[in-house]
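Subject: Structure handover

Hello,

Here is the structure for you to look through. Please open it first, then read the notes below it.

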Amino acid sequence: MTTETTTTFAETAEREDRFQLATYKKFPFAAERGRGAWIETSQGEQYLDLYGGHAVAGVGHCHPHVVAAIREQAGHLLFYSNMVYSGARARAAERLVSCAPAPVTKAFFCNSGTEANENAMRMARLRTRREKIITFSGSFHGRTADAISATALGKYRELGRPNVPGHLFGEFGDIESVVSLADETIAAVMLEPIQSMAGVRMAEPSFYRRLRELCDARSMLLIYDEVQTGVGRTGSWFFAGGEAGDGIVPDIITLAKALGSGVPVGACLTTEDMASHIKENDLGTTFGGGMLAMAAVTATLEAIEADGMLENVRAIEQHLREQLAGVKGIASVRGRGFLLGIEFIEPIAASVQKKLLEQRIITGTSSDARVLRLLPPLCLKGEEADLLIKALRQVGE
Ligand SMILES: Cc1ncc(COP(=O)(O)O)c(C=O)c1O
């Protein structure tokens, strides 16, 4: 059997547009290969990927250790469900929870971020025997029924109509807005500890602490949606337990994106207490915990550690902040680690993104027209960051 390859970009684009629903605005190239922070197009052009393959290429594109692990696993067994035990699954679960802050000790594997959030909300309802969930203005939690109903951002919630009932919304960063909603019907408070799509918004450290205290006082669970902030993105394994969030650890952490370096995988991490309330068949999915995905998870976590990527994120973040501080037109740099929002004085993020793309640098926008989003691979080098700094200086001239 041979695999047909398309050669020209125009041909690929025409075919894809003809046979696939047009649900995403696309960059004007076809990605063919990747290595580290770089993407090579079908025409042989090199792009610096500061959007990290939509926040998925945490360890960089095609990290050799991850590729080797996937290849090896593929030769042994691609998949079997949770009906059987698996060494690959045991290794991934152990490694993942060993990165998590106490008292998080258990993993449940699924396939995506939205699914992780759906399961987290279900766990909270099972544990508390309550139904309602509080999320926040500016939130994005996914596109399936419950997760989109928990999403306050833009038009998404509308797209999910009729919404799942029992979703309430507080003001991100404003603890009093949660206090007024937190009655005995609330199962959980769920938040992205750094709101990414809303424009890389963070709250004061005291907000996370007060949320934890409120949840404890009113017997509600706390869920961190770390689909973007998890797996090393903020310069620590998770936002949970880190100093930006005052060391606070939630009851459930949800993960996806960079967890499998491109092999689809999501996870909920949680505590022994929660585990003791989850019974057989309370949660499930055919593909969750499949061997190929599990091999990718273990290798991803190993690569982050072996290559010192957490330290790299912190060092390069510092460098970016210092260098971007003086650039004309930039008001501030938001976020933490490699989830950064460059806030411009004017609402020009989209046009800056376009100009950078012309210079073969990929970045992201957000729902805030002033904020350009960076989600680069955790292996980004200083000289690669300098290419962005130079390009932004030119844009500002
Ligand atoms: C914070 C957050 N949660 C959940 C999701 C949904 O993840 P997925 O697209 O894997 O379903 C996303 C996706 O962008 C996200 O950014």
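**A buried asparagine**

Asn117 is buried, at a relative accessible area of 1%. Buried means under 20% relative accessible area, exposed means over 50%, and partly exposed lies in between (1.4 Å probe, protein chains only). This is a predicted model, where local features need pLDDT of at least 70 and side-chain atom pairs count only at pLDDT 80 or more, while totals for chains, interfaces and linings use all residues. Residues are numbered from 1 along each chain as its sequence is written, and side-chain values use heavy atoms, with hydrogens and water left out.

Where does Asn117 lie? Helix α5, residues 113–128, holds Asn117. Helices (H or I, at least four residues) and strands (E, at least two) are DSSP runs, numbered from the N terminus. Leaving aside residues up to four places away in sequence, Asn117 touches His141, Ala147, Met190, Asp225 and Thr254. Contact here means heavy atoms within 4.5 Å.

**An exposed phenylalanine**

Phe287 sits in the loop between α10 (272–275) and α11 (291–306). Is Phe287 buried or exposed? Phe287 is exposed, with a relative accessible area of 56%. Phe287 touches Phe79 and Asn111, again not counting residues up to four places away in sequence. Phe287 and Asn111 are 176 residues apart in sequence. In space they are 6.9 Å apart, C-alpha to C-alpha.

**Cysteines**

A disulfide is a covalent bond between the sulfur atoms of two cysteines. Here it is counted as a pair of cysteine sulfur atoms within 2.5 Å. The structure holds zero disulfides. Cys268 is in no disulfide, and the nearest cysteine sulfur, that of Cys110, is 5.3 Å away. Cys268 counts as buried, at 1% relative accessibility. Cys379 counts as partly exposed, at 24%.

Strands of a sheet pair through backbone hydrogen bonds, either parallel or antiparallel. Two strands count as paired if DSSP finds at least two bridges between them.

β1 and β2 pair in the antiparallel sense over four bridges. Arg33 stands opposite Glu40 in β2. The two strands form a hairpin with two residues between them. Gly36 in the turn has a positive phi of about 60°. β2 (residues 38–41) and β3 (residues 46–49) are also antiparallel, over three bridges. Trp38 has Leu48 in β3 as its bridge partner.

**The second largest pocket**

A pocket is found on a 1 Å grid over the protein atoms alone, as an open set of points where a 1.4 Å probe fits, with protein on both sides within 12 Å along at least five of seven lines. Lining residues have an atom within 4 Å of a point. The second largest pocket has about 1,100 Å³ of space. It is lined by 30 residues, and Asn82, Arg89, Ala107, Phe108 and Phe109 lie nearest its centre. α4 (87–99), β4 (104–110) and β12 (266–271) each supply at least two residues of the lining. β4 gives the largest share, five residues.

Best wishes

How values were computed: Grid points are joined across faces, edges and corners, and a volume is the space filled by probe spheres set on the points.
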